[in-house]
Amino acid sequence: MVFQNYALYPHMTVAGNIAFALKMRKLPRHQIAAKVKETAAILGLTDWLDRKPGQLSGGQRQRVAMGRAIVREPAAFLMDEPLSNLDAKLRVQMRAEVLRIQKRLHVSTLYVTHDQTEAMTMGDRVAVMRSGVLQQCDSPQVLYDRPRNLFVAAFIGSPAMNLYEATVTDGGRRVRLGSQQIDLPDPVAAAHPGLAAYSGRTVVAGIRPEHLAAAAADGVAGPALAGDVDLVEALGSELMVHFTIDARRIRAESATDPETDAISEAGEGVARVNPAAPVKPGERCTFAIDASGMQFFDPDNGAAIWN
């Protein structure tokens, strides 16, 4: 097992921490030394074997904790939020390190985390839990493209999916968000045949920020959504555009943080657009919708509406 708080023995050196389990097994000294050397080489700790944990960085300590697990040659690794104590930059580096080590050793790994980015980038299969109940278990891309329910849809993706109260019209071929009507292209309507049964009723419509593009000056040919721009965050490679529409924003309980919850009753949304887009705070902007990525959910039980 690998823990969040490293759980290293502070009075022992790196070599002593890695070798501890082997000593408890009473393996011969030459075998212990060989295994410690091999493990240290895998983890890039060869030059630090004589140091104690207090002399190491957070990333190095986490690698020592992994080394203590690796040296035992287990059938599976159990990792309990191993990167939570690291700063953001080091966390990104250690994600790659953990993946590299896992691929090299070919050992099945059960990795527990509250960080969806870690789950999506590191997992071959991701199990989304809520209050101890399994919500969905699948590949990261399937969780993103076809969330089974409202909780999974709101949890996966950063920034989070925009979720609005919507009314289905025209036998499931259109949805109304506040005062705006969105015509669903034929392939989208065909992919969500279950919407027909909700005609005239309220559903939850989900649109991811990356599926909203700032429209060109000559307008939009397909589905579009207009909103009043409140804030524009310039991130260099993209713009995060915070906008407001007159549809009610829906909150998926426990899927977002308190700061997000505070705006959940308003019509605020987020679009991720090209940095060259002419978007300014205080103006009204029209966004072209990639309707193929839209999701729809039953407002009563949160289940995705497909068939």
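Predicted model: local features only at pLDDT ≥ 70, side-chain atom pairs only at ≥ 80, totals over all residues.
Buried here means under 20% relative accessible area, exposed means over 50%, and partly exposed is whatever falls in between, with a 1.4 Å probe and protein chains only. Residues are numbered from 1 along each chain as its sequence is written, and side-chain values rest on heavy atoms, with hydrogens and water left out.

Rings of Phe, Tyr and Trp (its six-membered ring) pair if their centres lie within 6.5 Å; planes under 30 degrees apart are stacked, over 60 edge-to-face, and the rest tilted. Tyrosine 9 and phenylalanine 20 form a tilted pair, 4.8 Å centre to centre with 50° between the planes. Tyrosine 9 sits in the segment before helix H1 (14-24) and phenylalanine 20 within helix H1, eleven residues apart. Helices (H or I, at least four residues) and strands (E, at least two) are DSSP runs, numbered from the N terminus. Tyrosine 9 counts as partly exposed because its relative accessibility is 31%, and phenylalanine 20 is partly exposed too, at 24%. Phenylalanine 243 and phenylalanine 287 are likewise tilted, at 4.9 Å centre to centre and 40° between the planes. Phenylalanine 243 belongs to strand S11 (residues 239-244) and phenylalanine 287 to strand S13 (residues 284-289), so this pair ties together parts 44 residues apart in sequence.

Charges over rings come next; one counts if NZ of Lys or CZ of Arg is within 6 Å of the ring centre and within 35 degrees of the ring normal. Arginine 146 lies over the face of tryptophan 306, 3.7 Å from the ring centre. Arginine 208 does this with tyrosine 144, at 4.2 Å.

Turning to the strands, two of them pair if DSSP finds at least two bridges between them. Strand S8 (residues 202-207) has five of its six residues buried, so the rest of the structure largely encloses it. S8 runs antiparallel to strand S5 (residues 162-169), joined by six bridges, and antiparallel to S14, joined by three. Glycine 206 stands opposite leucine 163 and also opposite glutamine 295 in S14.

Strands S6 (residues 174-177) and S7 pair in the antiparallel sense over four bridges, with arginine 174 partnered by aspartate 183 in S7. Two residues separate the strands of this hairpin, and glycine 178 takes a positive phi near 60°. In a regular strand the side chains alternate between the two faces of the sheet. Strand S7 (residues 180-183) has Gln180 and Ile182 on its covered face, and Gln181 and Asp183 on the uncovered one.

After strand S14 (295-297) comes the segment that holds alanine 303, a residue that counts as partly exposed because its relative accessibility is 31%. Leaving aside neighbours within four places in sequence, alanine 303 is in contact (heavy atoms within 4.5 Å) with Arg148, Asn149, Phe296, Phe297 and Asp298.
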